[in-house]
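User: Please walk me through this protein with questions and answers, one step at a time.

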Amino acid sequence: MLESKRRAIIFFTLSFLLAIAAGFLFLQKVSAINSELGGMTEIYIAAEDIPSRSVIQPQQLTTTEIPNRFVNESHITSLQDIANRVSVVPLSSGDIITKNMMKPFSSLREENNRLVTIVQSERIRFDERLEALDRIDIIVSHKFDGNNKTTIFMKDVLVAAELTSDGEFVGVAVEVQVEDAPELIHMQNYADSIRVLKANVGKGEVEEQSEKEIVIESPPEEEEIEEKEKEEDKAEEKEEDKESNEEDSSVDKEENS
């Protein structure tokens, strides 16, 4: 009985040591794999079904972790990467979202309008830098029936976006009606010269006008002060005349006496 108990204790001890050894080897292998993969990174995936061509909202997304080894530039790791963007394909719950699926949201005021880009070139000139929500007039110079003509081709056109390259202004995207888009593109391709003029009043001009108004309002106050000073001078002159008359009358009375 004692011999069987001794054997059981020996087998139990050996099993325990082998289990510890196996666990240690397993942990070593896992840590080696993790170091090889380089840790984990959170990426954004669809939390629900998302239709195409609709603006993606933060509540429609969730995160999952993948090894750093498999993370590339196309993965979405920040909500800023999908701000004001739509998916070009429908997404199902759990789908990984990548940047090549995203497209900027077009904020057209009307569905029948179109965005047309006007890029600065030798034939296309901008008088000043433009920003979104500015309005422009498009002046076109071209030959028609052998005669040179310069006309206002489009007036009060809305600037939807400013185009830049390395921080430098290169052009604008304008919003026009769908029937006007082919004519504008035709002029960009075949007109001899296009001049883009800013149509709306800028902030600087408004400030100058307000300053001018202040300057115009100030003179009446100065005039009132001057009038008061003149009235005071007249009152002093009257008092002086009165005093001099009194002195003259007193002198005459003394002479008469």
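**A guided look**

Analyst: The protein has 3 helices and 10 strands. Helices (H or I, at least four residues) and strands (E, at least two) are DSSP runs, numbered from the N terminus. This is a predicted model, in which local features need pLDDT of at least 70 and side-chain atom pairs count only at pLDDT 80 or more, while totals for chains, interfaces and linings use all residues. Residues are numbered from 1 along each chain as its sequence is written, and side-chain values use heavy atoms, leaving out hydrogens and water.

User: What percentage of the residues count as buried?

Analyst: We need a cut-off here: buried means under 20% relative accessible area, exposed over 50%, and partly exposed in between (1.4 Å probe, protein chains only). Among the 257 residues of the protein, the buried share is 20%.

User: Which strands are the edges of the open sheet of 6 strands?

Analyst: Two strands pair if DSSP finds at least two bridges between them. In this open sheet the order is β5-β9-β8-β7-β10-β6, and the pairing is mixed. An edge strand pairs on one side only, and here the edge strands are β5 and β6.

User: How many bridges join β7 and β8?

Analyst: These two strands form a hairpin with 2 residues between them, and Asp145 in the turn has a positive phi of about 55 degrees. Across the pair, Ile136 stands opposite Val157 in β8. The strands pair in the antiparallel sense, and the number of bridges is 9.

User: Which residue in the hairpin of β8 and β9 takes a positive phi?

Analyst: β8 and β9 pair in the antiparallel sense over 7 bridges. The hairpin leaves 2 residues between the strands, and the residue with a positive phi near 55 degrees is Asp166.

User: Which residue in β9 does Arg114 stand opposite?

Analyst: Start with the strands: β5 and β9 run antiparallel and are joined by 7 bridges. Within β9, the residue opposite Arg114 is Val176.

User: Is Asn113 buried or exposed, and which side chain does it make a polar contact with?

Analyst: Asn113 is found in strand β5, which covers residues 113-119. Because its relative accessibility is 5%, Asn113 counts as buried. A polar contact is a pair of N or O atoms within 3.5 Å; within protein, one must be able to donate a hydrogen and the other to accept it, and residues adjacent in sequence count only if both atoms are side-chain atoms. At 2.6 Å, the side chain that Asn113 contacts belongs to Glu175.

User: Why do the buried residues of α2 lie on the same side of the helix?

Analyst: The buried residues of α2 (residues 181-190) are Ala181, Leu184, Met187 and Gln188. They are on the same side of α2 because of the arc they cover around the axis, only 130 degrees. That arc is taken from the directions from the helix axis to the C-beta atoms. An α-helix has 3.6 residues a turn, so residues three or four places apart point the same way.

User: Which strands do the buried residues of α2 pack against?

Analyst: Contact means heavy atoms within 4.5 Å. By that rule, the buried residues of α2 pack against β5, β6 (124-126), β7 (135-144), β8 (147-165), β9 (168-177) and β10 (193-198).

User: How many residues apart are Arg195 and Asp127?

Analyst: A salt bridge is a side-chain nitrogen of Lys or Arg within 4 Å of a carboxyl oxygen of Asp or Glu, and by this rule the count comes to 4. The side chains of Arg195 and Asp127 meet in one, at 2.6 Å from N to O. Arg195 is in strand β10 and Asp127 in the loop between β6 and β7, and their separation in residues is 68.

User: What is the N to O distance between Asp134 and Lys198?

Analyst: Asp134 is buried at 9% relative accessibility, whereas Lys198 is partly exposed at 26%. Their side chains meet in a salt bridge with an N to O distance of 4.0 Å.

User: Which residue forms a salt bridge with Glu162?

Analyst: Glu162 lies in strand β8, and its partner lies in the loop between β6 and β7, so the pair ties together parts that are 33 residues apart in sequence. Glu162 is partly exposed at 27% relative accessibility. With the closest N and O atoms 2.6 Å apart, the partner is Arg129.
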